[in-house]
Amino acid sequence: MKDLKVNFERLIKDLEELGKIGQDQRGGISRPSFSLPDLEARKWLKARIEEAGLIYRQDGAGNIFGRLSGKSSQVVMAGSHIDTVINGGRYDGSVGVLAALECLRRIKEENLSLNKTLEVASFTDEEGNLVGDFLGSRAFTGQLQKEKLKNARTQFGHPLEEILPKAGLSVESLLRASVDRPEVVAYLELHIEQGPVLEEESVPIGLVSSIAGKRYYQATFVGKAGHAGTTPLELRQDAFLTLADFAVRSTQLVARKYYGNTITIGRVVLKPGSFSIIPGEADFTLDLRSQDSHSLKVMEEEILALASEVSSTRGLSFYRQLVDSTEPVVIPSPMLERLKSLCQKLSYDYFILPSGAGHDAQILASICPVGMIFIPSIDGLSHTPEEAIHLEDLEKAANLLLQALISLASE
Ligand SMILES: [Zn+2]
């Protein structure tokens with residue numbers, strides 16, 4: 001069992017095939033959940049699961065599973081997601097699902113008799129193209145609220161209730177996903193790093209120590225629009241200048257007082273949006289992240305207070321709405337130690353790092369111990385067609401995943 005390795009050529013073939021589904025004109029992959037390419041990819045994955053002799057199952061959230069039964073019905077699960085952002089890359093998510101699938105295939109081929117049941121999982125809409133990140137894993141772990149789902153609109157403005165039937169699902173079926181869930185006792189996720197650290201460290205494998213929590217606000221400064229030529233500077237309530245002032249001061253605050261945490265204003269819309277009119281309104285997104293729950297909470301309070309202070313000093317109003325929120329997760333030390341010792345056994349160099357990006361593993365952490373294995377992203381790139389990996393890193397990470405699954409399922 002110790003020397004069992006994945007069939008890497010087969011894994012690469014899968015990656016290439018899946019990478020052809022949803023190719024867009026800009027050279028990337030566009031496979032948002034329940035789009036036509038996503039539905040095609042789901043069909044493809046179902047065929048691979050059945051071809052491997054695993055038991056296929058789709059739950060009420062459209063999460064896809066392939067099961068290899070063990071002596072116990074307790075499940076050791078590994079997976080990720082196959083949906084992508086618009087114009088994304090080939091590896092984010094896909095490597096985790098396909099590596100897990102390959103691990104189960106190898107274990108089945110070797111007729112290994114394991115105590116626990118193994119499942120490969122592909123979670124719906126990790127990327128949040130519909131109504132916020134992690135729809136599938138949140139449904140699976142029972143973290144969705146009926147009222148919110150009923151009123152939810154996708155980022156393209158369509159009611160969620162109208163999109164779900166395209167995939168044979170409904171709000172009610174989403175809510176049932178957690179009820180029909182098997183007893184999951186561990187979850188592993190292999191993923192690209194989506195950052196530059198592992199490449200910098202020249203190691204093939206990253207073991208994740210914690211996953212950042214996030215607060216995502218949609219916010220607005222409301223001032224007064226006015227003529228660019230006739231309104232003296234001192235009489236203005238310029239929403240853009242207020243936002244600019246806030247952006248600089250809040251970033252300085254985080255850098256000075258909350259080192260390691262992040263703040264990002266990623267999207268700004270100025271209204272009315274004319275070159276000759278003072279912006280009366282600035283709509284913006286505010287993304288706050290931290291590896292530590294307490295630090296995230298305190299930073300959030302201080303940043304929101306700063307926004308109110310900056311706006312009132314300038315005579316404007318500040319409004320905000322919390323769109324999404326996740327808590328930081330610390331990987332349990334027995335899981336991290338297990339992965340470390342397997343790396344040592346396999347003679348793989350590794351580096352321990354926190355994840356700044358959110359992952360399904362973070363959501364699964366609410367029901368079971370989780371572990372995450374990263375592989376380097378070339379140039380740290382992700383969510384772009386240029387996303388790339390070194391295939392030999394994936395081979396090592398997949399072999400590590402295989403050994404970790406065998407070890408967890410043998411208990
Ligand atoms: Zn991902």
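Predicted model: local features only at pLDDT ≥ 70, side-chain atom pairs only at ≥ 80, totals over all residues.
Select helix 9 (residues 239–257) and look at the face turned away from its buried side: Val248, Gln252 and Arg256 are exposed there. Residues are numbered from 1 along each chain as its sequence is written.

**Stop 1: helix 9**

Stay on Gln252, which lies in helix 9. Gln252 counts as exposed because it has 11 C-beta neighbours inside 10 Å. Now draw a distance from its C-alpha to that of Ile263.

Turn to the covered side. Ala239, Thr242, Leu243, Phe246, Ser250 and Val254 are buried in helix 9. They cover an arc of only 90 degrees around the axis, so they are on the same side of helix 9. The arc is that of the directions from the helix axis to the C-beta atoms. What covers these residues? Strand 7, strand 9, strand 10, strand 12 and helix 10 (293–313) are included in the cover. Contact here means C-beta atoms, placed from the backbone, within 7 Å. Helices (H or I, at least four residues) and strands (E, at least two) are DSSP runs, numbered from the N terminus.

Helix 9 has 19 residues and reaches 26 Å from its first C-alpha to its last, close to the 27 Å expected at 1.5 Å a residue. The expected span is 1.5 Å times one less than the number of residues.

**Stop 2: strand 12**

Select residues 281–290. This is strand 12, mostly covered, with 7 of its 10 residues buried. Strands count as paired if DSSP finds at least two bridges between them.

- Strand 7 (residues 213–222) pairs with strand 12 in the antiparallel sense over 10 bridges. Tyr217 stands opposite Leu286.
- Strand 9 (residues 262–264) runs antiparallel to strand 12, joined by 3 bridges. Ile263 stands opposite Leu288.
- Strand 10 (residues 268–271) pairs with strand 12 in the antiparallel sense over 4 bridges. Val269 has Asp283 as its bridge partner.

Next, select Lys271 and Pro272. A cis peptide bond joins them, with omega about 5 degrees. Pro272 sits in the loop between strand 10 and strand 11 (277–278).

**Stop 3: the two domains**

Colour by domain. Domain 1 is 8–212 + 328–409, and domain 2 is 213–326. These bounds come from an automatic or database domain assignment. The C-alpha centres of the two domains lie 34 Å apart.

**Stop 4: strand 5**

Move to residues 184–192. Strand 5 is largely enclosed by the rest of the structure, because 8 of its 9 residues are buried. Which residue of strand 5 is the bridge partner of Met77? Select Tyr187 to see it. Strand 3 (residues 75–80) and strand 5 run parallel, joined by 4 bridges. Tyr187 also stands opposite Val370 in strand 16. Strand 16 (residues 370–375) runs parallel to strand 5, with 6 bridges between them.

**Stop 5**

Select helix 1 (residues 8–18). Its buried residues are Leu11, Asp14 and Leu18. They are on the same side of helix 1, because they cover an arc of only 60 degrees around the axis. On the other side, Glu9, Lys13 and Glu16 are exposed. The buried residues pack against helix 2 (36–51), helix 3 (94–109) and helix 13.

Follow on to helix 13. Of its 19 residues, 15 are buried, and the helix is mostly covered.

**Stop 6: two loop residues**

Most residues other than glycine have a negative phi. Asn111 has a positive one, near 55 degrees. Find Asn111 in the loop between helix 3 and strand 4 (117–122). Asn111 counts as exposed, because it has 6 C-beta neighbours inside 10 Å.

Finish at Phe134, with a positive phi of about 65 degrees. Phe134 lies in the loop between strand 4 and helix 4 (135–140). Is Phe134 buried or exposed? Phe134 counts as buried, because it has 26 C-beta neighbours inside 10 Å.

Conventions
Buried ≥ 20, exposed ≤ 12 C-beta atoms within 10 Å, placed from the backbone. Contact = placed C-beta atoms within 7 Å.
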